[in-house]
Amino acid sequence: FSPWTVGFDDYGSECDGIRITAFLDAGQDNLTPLGRLEKYAFSENVFNRQIVARGLLDVLREFSDNENDFISVMETVARMSEDGEPTVRAELMEQVPNIAMFLHESQPNFPAAFSRYLVPIVVRYLTDPNNQVRKTSQAALLVLLEQGLICKGDMETKVCPVLLDLTEPSSDDDYKIEAVAIMCKLVTMLSKDTVEHLLLLRFCELCSDARLFQVRKVCAANFGEFCSIVGQDATEKLLMSKFFDLCSDSLWGIRKACAECFMIVSNSTSPGVRRTKLSPLFISLISDQSRWVRQAAFQSLGRFISTFANPSSTGLYFKEDGTLLEVPRCPFDRLGLGFDSGAENNIQNGPYYDSTHTPPRGRHETEQTDENFNSFHYWRPPLPDISEELEMLKDQVPLQNQAIQKVLDCLQPHMDDPDNVIPQQLLDQYLSMTDPARAQTVDTEIAKHCAFSLPGVALTLGQQNWHCLKDTYETLATDVQWKVRRTLAFSIHELAVILGDQLTAADLVPIFNGFLKDLDEVRIGVLKHLYDFLKLLHAEKRREYLYQLQEFMVTDNSRNWRFRYELAEQLILIIELYSHYDVYDYLRQIALTLCSDKVSEVRWISYKLVVEILQKMYACGAHDLGLNFINELIVRFCHCPKWVGRQAFAFICQAIVEEDCMPMDQFAQHLLPSLLSLSSDPVANVRVLVAKALRQSVMEKAYFKEPGSAYSDELEETVMALQADKDRDVRFFASQDPNMALMDTAALI
């Protein structure tokens, strides 16, 4: 028979735009839709079966309202999964995640149906003889797990047993290698109990697979994930010996993989194991005979050192998301001294320092890694800093119990000696990363890696040991490679938090000043976190930078508009750091200049900056300065000969009203008349924003709704005129209900 006359009309090899379920439509065969599904699902024509497999999601949608029909379709799917043609099986498996999500959202009995019909197909295809089908099922399994669609019971009774069978010593090599890879990917999505009881011992065996280096390499690459899941006890009892073996494997690629995951493994061990066992092991990797292993080890060195950090002595720690926090102070009663300090401290309530930096997950850094420098992520609950409380007690309370003094005596050597923080060999190796000889023998970008991890190392050593790193930091800050200086520029605000105000003023401010005069590629680093750095300085020192802010207006390449855009964004934040006088005298002129930028994106973010400046004036009671600024805006924008300037004035007026930047009577007196005058502007795009400002914002303010309002009649007349405007967009915005979803006017700007 010919498929083209009974349901697959117009189909060809490129049929994505055609309704796939067209074969269910009534044709010449007088079959029911389910009958036609059966006919084409098991047709002798492979193409027909492929189309049915590709359209299974739509088929299920067609029959989802009827429980019996739905079950019939699911049973058809189960039978189709046994199709002898690999392309049909692969097509079917590609649809399984989508089908699972649909069932999850629309079928109340989803778990039972999914577990009965689809999970067995996914599991069976993991051992399919066809490579493409196996790969498709592996990908589908990961998606299903990520979406939380496979229950724990199915994982433990159906999926894991198959993976364990495939990783038996007697298993086929290709199947085994694939199963190890899928097992390692699954481990991060499974519970600790499941991993420990079902997979951990097998993983240990696979780490020692003497025949297949591919298996050992996959295990080495994912070793850290297993350690993170099973925790310290299992890591030290079962996994540590395997890690030592992998670190001394005969293949350099496996040793390199171990070096790359060293930090994660270290985080899963006790301080004693980290210092006495992992440190010597890392030294062996950093002096490995293979340059590639040495290179990976040096890239991981700073991160490994960071795992020695102790928040109780540094006073700071990095959360898992990269946010740098102060360690909350310890209540006196935790010392057993009977004092009541009041509210219990909570780690999550510590003051935040703005940061979105996370360490790279891959083994090769991208161009973005400078912006995402490697802050150390200290994810164990930090110990509280008790030093200040002890000092207070020492000064204010008669010390009858000499135990407190003993604690202070124990703390002091730890605070002063870097050897007590990290092993000296590790520190020496890290400091050697700026040696030019290292670039020749290890990695031409080794200095960049040193700069990349420096905040984590500084956090580990603490303020009291900054002298160990100071020379290295200054060497990096003057490195001939701009990428090294750029990396430091992106992280200098974090380092300032770690070092505190005195060391920042003495050692970081001069380097910060140098970066301000560097290449644009370096300057962008300090510019992106200008607010974060300036807010850490004392007011007098911070004020010195007012004179330098305008220097950011000059770039090596005038087409680098994103630089000016970033400046405007930072100035919006920086406003709060200065008095209204300084904002008026220094930032106002920069803002007005940015408002005239050739690039529209820069202009529009600058209009928001203008609004923030005006709000600062009125919030500080500087009405005279505010009025002067308003008059400047009217002259520069409302009376601008270019229509984009007049349009900007309407936008600024709307933002002023929406942000409540000034009292509405002042707005009505000083800005509204100028805004109303633009309602008859010859350019429709100007009138559109006037209509939008009036209808959506101005007329919604209570001040203008009050009976007898001086401007209510004029507002009504203006809006009515705009509602009768010759331009359709103007009429739309003048008539739109402010409570409705607002249409975007970006296209009109």
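Glu716 is placed in helix H38, which spans residues 712–723; helices here are DSSP runs (H or I, at least four residues), numbered from the N terminus. This is a predicted model, in which local features need pLDDT of at least 70 and side-chain atom pairs count only at pLDDT 80 or more, while totals for chains, interfaces and linings use all residues. Residues are numbered from 1 along each chain as its sequence is written, and side-chain values use heavy atoms, with hydrogens and water left out.

Together with Asp713, Glu714 and Glu717, Glu716 forms a negative surface patch. Patches are made of residues with over 30% relative accessible area and no salt bridge, like charges being joined within 9 Å. Asp and Glu count as negative, and the place of the charge is taken as CG of Asp or CD of Glu. Accessible areas come from the Shrake-Rupley method with a 1.4 Å probe. Glu716 has a relative accessibility of 43% and therefore counts as partly exposed; buried means under 20% relative accessible area, exposed over 50%, and partly exposed in between.

Leu675 has its C-alpha atom 9.9 Å from that of Ile652, the two residues being 23 apart along the chain. Ile652 belongs to helix H33 (residues 643–658) and is buried, with a relative accessible area of 2%. In the loop between H33 and helix H34 (664–670) lies Asp660. The phi angle of Asp660 is near 50°, a positive value in a residue other than glycine. Asp660 is partly exposed, at 46% relative accessible area.

Another loop, between helix H21 (436–441) and helix H22 (446–452), contains Val442. Val442 is buried, with 1% relative accessibility. Its C-alpha atom is 5.5 Å from that of Gln295, although Val442 and Gln295 are 147 residues apart in sequence.

Attention now turns to charged pairs. Side chains of opposite charge can pair when their charged atoms come close. The structure holds 27 salt bridges, each defined as a side-chain nitrogen of Lys or Arg within 4 Å of a carboxyl oxygen of Asp or Glu. One of them joins Arg54 and Glu91, with an N to O distance of 3.0 Å. This pair links distant parts of the chain, 37 residues apart: Arg54 is in helix H2 (residues 46–54) and Glu91 in helix H5 (residues 86–106). Glu91 is buried, at 14% relative accessibility.

A further salt bridge connects Arg211 and Asp173 at 2.8 Å, N to O. Arg211 sits in the loop between helix H10 (192–207) and helix H11 (213–221), whereas Asp173 is in helix H9 (residues 173–186), so the pair ties together parts that are 38 residues apart in sequence. Asp173 is partly exposed, with a relative accessible area of 27%.

Glu632 and Arg588 also form a salt bridge, their closest N and O atoms being 2.7 Å apart. The pair links helix H32 (residues 623–638), which holds Glu632, to helix H30 (residues 580–594), which holds Arg588, across 44 residues of the chain. Glu632 is partly exposed at 23% relative accessible area, whereas Arg588 is buried at 12%.

Conventions
Patch = residues over 30% accessible without salt bridge, like charges linked within 9 Å, V, L, I, M, F, W, Y side chains within 5 Å. Helix = DSSP H or I, 4+ residues; strand = E, 2+ residues; numbered from the N terminus. Buried < 20%, exposed > 50% of the residue type's maximum accessible area, 1.4 Å probe, protein only.
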